[in-house]
Amino acid sequence: MFCLLCDSEEELYDGLCKSCYIENFQALQHPEYTTFTVCSHCGATLKHDKWVQKGYYDDEIINDAIQKDLEVNSKLEDVEITTQITNNRGTVYECIIHVYGSLLGEDIERQYPIEVKVEKGVCPDCSKFYSGYYEAVIQLRADGRKLDESEIRDVDQFISDEIQRLCKTNKLAYITERIVLKEGIDYQVGSHNIAHKIVVNLQKHFGGVITQSRKIVGRDKSRSKDLYRSWISLRLASFHTEDFITYKDKVLKVESIGSHKFVAKNLETQKIEAIIWKEYDKVKKVATKSDIQTTTITNVTPREIQILDPDTYETLELEKTDEMNKLDIGGQVNIVKVNNKIYIDLEE
Ligand SMILES: [Zn+2]
Ligand SMILES: [Zn+2]
């Protein structure tokens with residue numbers, strides 16, 4: 001028997017002598033080109049069926065794309081394959097596959113050229129965004145009144161800042177739509193989680209009461225899970241700072257609004273009280289800054305202060321607290337009428 005190529009009489013492998021066999025050996029089968037997919041909106045890349053945003057670099061992406069379509073000749077032993085990018089033209093990478101291995105006891109090396117093409121795709125998060133998908137609605141409302149223009153402006157800005165911050169780590173941090181309604185503003189948000197975070201922070205900043213509800217809107221059959229949408233409402237207080245409220249038979253002037261509580265001054269004792277938002281339903285707004293009237297002090301005794309009712313000009317006697325010591329006869333004082341009773345609103 002002779003080698004089919006060189007007539008050598010050595011031991012034959014598939015009809016060839018060792019050197020002809022090695023020379024003509026195909027170390028692997030590969031396609032002419034391979035591809036990988038990039039999201040055309042956000043640049044995320046598909047890695048083993050999962051979209052990744054960061055930390056998956058060109059070399060690794062291209063190496064993975066090449067390796068997935070290779071078929072190594074089983075006769076080759078101790079195989080090692082590396083890939084190298086030699087040129088990049090737009091969406092095409094020209095690459096070389098280096099194959100190292102052992103064949104019939106000899107170390108061999110082979111090089112094969114391959115092209116890797118970038119395919120444009122859309123990742124699920126971007127596709128959600130572009131299809132207007134949303135999981136939650138933030139409902140901005142005010143209790144028993146219209147929202148002020150300035151409140152709306154401030155909340156719009158606040159939400160926009162929050163989205164800017166949160167979208168760095170969550171691609172569903174977006175607002176698909178902002179809807180102006182008679183009763184307030186609705187913001188449609190990509191994810192439940194993001195909507196919830198934003199409302200909690202809004203409440204810390206603007207006060208008010210949060211309520212939530214949710215409704216099943218469909219079913220994810222692939223994960224046998226109900227899909228639901230949530231409505232998270234922030235109801236801002238009926239009052240602003242400097243408005244007057246009643247709470248547990250007391251009349252108070254609101255001094256500041258915070259996340260857990262709001263602070264108000266009792267108009268009879270001049271003492272400061274903190275009221276938690278859970279108690280909000282027991283609070284009633286009874287007067288605003290524009291209801292303040294001015295009147296004259298007609299007499300001051302150690303325990304009482306006498307003023308004129310600005311509407312009837314009748315003389316009224318009110319109990320005097322230490323804070324009223326600086327009031328003098330003939331001076332002017334601010335008062336507010338609540339349920340036909342007059343309260344002195346001492347200036348700070
Ligand atoms: Zn030969
Ligand atoms: Zn994307």
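Among contacts in the protein between residues at least 6 apart in sequence, 52% link residues at least 24 apart; two residues are in contact if their C-beta atoms, placed from the backbone, lie within 7 Å. This is a predicted model, in which local features need pLDDT of at least 70 and side-chain atom pairs count only at pLDDT 80 or more, while totals for chains, interfaces and linings use all residues. Residues are numbered from 1 along each chain as its sequence is written, and chains are lettered from A and ligands numbered from 1 in the order in which they are written.

The protein has five helices and 25 strands, taken as DSSP runs numbered from the N terminus (helices: H or I, at least four residues; strands: E, at least two). Its radius of gyration is 39 Å, whereas a compact globule of 348 residues would have one near 20 Å (over C-alpha atoms; the globule rule is 2.2 Å times the number of residues to the power 0.38). The C-alpha atoms fill a box of roughly 135 × 40 × 35 Å along the principal axes.

The domains below come from an automatic or database domain assignment.

| Domain | Residues |
|---|---|
| domain 1 | residues 12–123 |
| domain 2 | residues 132–236 |
| domain 3 | residues 239–289 |
| domain 4 | residues 292–348 |

The C-alpha centres of domain 2 and domain 4 are 46 Å apart.

Of the 348 residues, 21% count as buried (20 or more other C-beta atoms within 10 Å of the residue's own; exposed means 12 or fewer, partly exposed in between; C-beta atoms are placed from the backbone). In helix α2 (residues 58–67), the buried residues are I61, I62, A65 and I66. Seen down the axis of α2, its buried residues fall within an arc of 130 degrees, so they line one face of the helix; the arc is that of the directions from the helix axis to the C-beta atoms. D59 and E60 are exposed on the other side of α2. The buried residues of α2 pack against β4 (33–39), β5 (45–47), β8 (77–89), β9 (92–103) and β10 (106–121).
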